[in-house]
Amino acid sequence: MYLLFTHPIITNDTVVFGLLALCLGFIFYTSSLKNGFWGKFYSVVPAVLMCYLLPAILTSTGIISDELSNLYFMASRYLLPAALVLMTLSIDLKAISNLGSKAIIMFLTGSVGIIIGGPLAILIVSIFSPETVGGNDFDAIWRGLSTIAGSWIGGGANQAAMLEIFQYNPEKYGGMVLIDIVVANVWMAIVLLGVGKTKQIDTWLKADTSAIETLKIKVSTFTEKITRVPTLQDYMILLSLAFAAVGAAHFFGDHISTFLNENVEAVKDQKSFLSFLGSSFFWMVVIATTIGIALSFTKAKNYEGAGASKIGGMFIYILVATIGMKMDLGKVLENPGLIAIGFIWITIHAGLMILMAKLIRAPYFFLAVGSQANVGGAASAPVVAAEFHPSLTSVGVLLAVLGYVVGTGGALLCAYLMEIASAL
């Protein structure tokens with residue numbers, strides 16, 4: 001996409017935030033119109049996909065810039081943990097456990113797809129473009145791709161660990177970040193397009209969706225029973241619960257990560273499987289989720305009737321818009337060889353997920369959320385889960401946390417396989 005401006009014309013984050021809010025308001029208003037053009041448009045394009053795309057267009061045309069903005073940091077560090085608390089406030093752990101093992105199987109299949117997808121993509125691209133997968137020493141492409149493996153299996157902390165371990169040339173690292181963002185967002189768009197065809201896909205997979213439907217009904221029945229007209233007092237208490245938990249998550253997360261980095265060699269060593277435990281972001285997500293689950297065993301659970309998950313959903317959509325800002329559509333074709341590796345890689349991941357879903361008759365929900373818990377992590381998995389039904393958001397949260405646990409080990413294995421593939 002051609003840049004209209006060489007420098008972003010809006011750099012004030014207050015104004016940028018206003019533009020993002022305007023985009024979200026426009027999308028939610030037009031998606032509520034069930035007749036005419038907009039009704040047909042949103043029957044094909046999910047509203048949540050537009051929440052990514054409009055900010056991406058603003059970035060791609062040079063109107064705003066993610067590089068000059070702190071909005072993603074604000075949304076991921078303040079609003080995401082608050083949303084995790086509010087959206088797990090009414091979690092039903094027993095009902096989630098009744099979903100069975102298919103969710104875990106699909107998540108782990110997604111991880112395996114990424115681990116083997118990287119080296120296979122290198123082998124395929126090396127056939128017609130060997131220079132794309134080449135490089136020596138710290139410029140070696142496999143070193144850079146290891147950071148994508150860390151991101152796609154775990155998250156930002158695992159990605160940073162791979163950069164530290166394999167010491168990829170920092171001047172070229174931006175290209176790897178681009179592949180990560182572009183390919184991951186395109187894949188998420190495809191996953192979201194499938195949400196509107198869930199029944200047809202589940203029929204083709206011959207999936208048993210009874211456990212998911214039972215969970216939806218149970219949560220919806222509980223919500224209907226406690227729903228009330230919220231008061232200012234309700235909102236203030238929800239604000240208190242959410243952001244007190246955010247404060248606690250940051251406080252304890254920072255202290256735990258610092259303590260572990262300073263005192264535990266296995267965490268301090270970036271080459272260790274346990275290095276992810278040194279990430280304050282990981283602990284922030286875990287602690288916020290734990291607080292939300294703990295509150296679900298108290299009377300605070302009844303605040304779902306005052307709209308706890310709806311407020312959490314609003315925070316998530318703000319996060320979605322700031323993620324959209326990161327995607328410059330104009331750079332998609334700047335390095336076609338590396339982009340090809342990324343798309344082949346994600347295709348192998350997707351193909352393995354579809355094959356496993358077909359074999360074990362897993363619902364599309366498990367495929368979509370299991371994939372995003374890998375590729376998108378805590379910022380994306382709850383969003384995709386909520387698109388199926390708000391009651392399923394917590395499933396996405398729990399699987400995303402699991403992603404951090406397996407991220408470093410899985411990415412290390414993938415990197416070593418990619419090194420071997422590059423030498424062939």
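Student: Which helix gives the largest share of the nonpolar patch?
Tutor: That's α6, which supplies seven residues of the patch. Keep in mind that this is a predicted model.

Student: OK, and which residues make the nonpolar surface patch?
Tutor: Val112, Ile116, Leu120, Leu123, Ile124, Ile127, Phe128, Leu413, Leu417, Ile420 and Leu424 make it, and its area is about 1,000 Å². Helices α6 and α19 (393–423) each bring at least two residues to it.

Student: Let's pick one. Where is valine 112, and is it buried or partly exposed?
Tutor: Valine 112 sits in helix α6. Its relative accessibility is 40%, so it counts as partly exposed.

Student: And serine 111, buried or exposed?
Tutor: Serine 111 is buried, at 5% relative accessibility. Its place is in helix α6 too, which covers residues 102–128.

Student: What does the side chain of serine 111 make a polar contact with?
Tutor: With the side chain of asparagine 374, at 2.6 Å. If you skip neighbours within four places in sequence, serine 111 is in contact with Ile153, Asn374 and Val406.

Student: New topic: how many salt bridges does the structure hold?
Tutor: One. The side chains of arginine 228 and aspartate 234 form it, with 3.0 Å from N to O.

Student: Why can side chains pair like that?
Tutor: Opposite charges can pair when the charged atoms of the side chains come close.

Student: Is aspartate 234 buried or exposed?
Tutor: Aspartate 234 is buried, with a relative accessible area of 6%.

Student: What about proline 382, where does it sit?
Tutor: Proline 382 belongs to helix α18, residues 381–388. Its relative accessible area is 2%, so proline 382 is buried.

Student: Which residues does proline 382 touch?
Tutor: Not counting residues up to four places away in sequence, proline 382 touches Leu84, Gly377, Thr393, Gly396 and Val397.

Student: Last one: where is the confidence lowest and where is it highest?
Tutor: Helix α8 (residues 156–166) is lowest, with a mean pLDDT of 70, and helix α1 (residues 13–31) is highest, at 95.

Student: And what does the protein chain average?
Tutor: The average pLDDT is 84, and 93% of the residues score at least 70.

Key. Residues are numbered from 1 along each chain as its sequence is written. This is a predicted model: local features need pLDDT of at least 70, side-chain atom pairs count only at pLDDT 80 or more; totals for chains, interfaces and linings use all residues. Side-chain values use heavy atoms; hydrogens and water are left out. A salt bridge is a side-chain nitrogen of Lys or Arg within 4 Å of a carboxyl oxygen of Asp or Glu. Buried means under 20% relative accessible area, exposed over 50%, partly exposed in between (1.4 Å probe, protein chains only). Helices (H or I, at least four residues) and strands (E, at least two) are DSSP runs, numbered from the N terminus. A polar contact is a pair of N or O atoms within 3.5 Å; within protein, one must be able to donate a hydrogen and the other to accept it, and residues adjacent in sequence count only if both atoms are side-chain atoms. Contact means heavy atoms within 4.5 Å. Patches are made of residues with over 30% relative accessible area and no salt bridge: like charges are joined within 9 Å, nonpolar side chains (Val, Leu, Ile, Met, Phe, Trp, Tyr) within 5 Å. Accessible areas come from the Shrake-Rupley method with a 1.4 Å probe; for residues, only the protein chains shown count as cover. pLDDT is the predictor's confidence in each residue, from 0 to 100.
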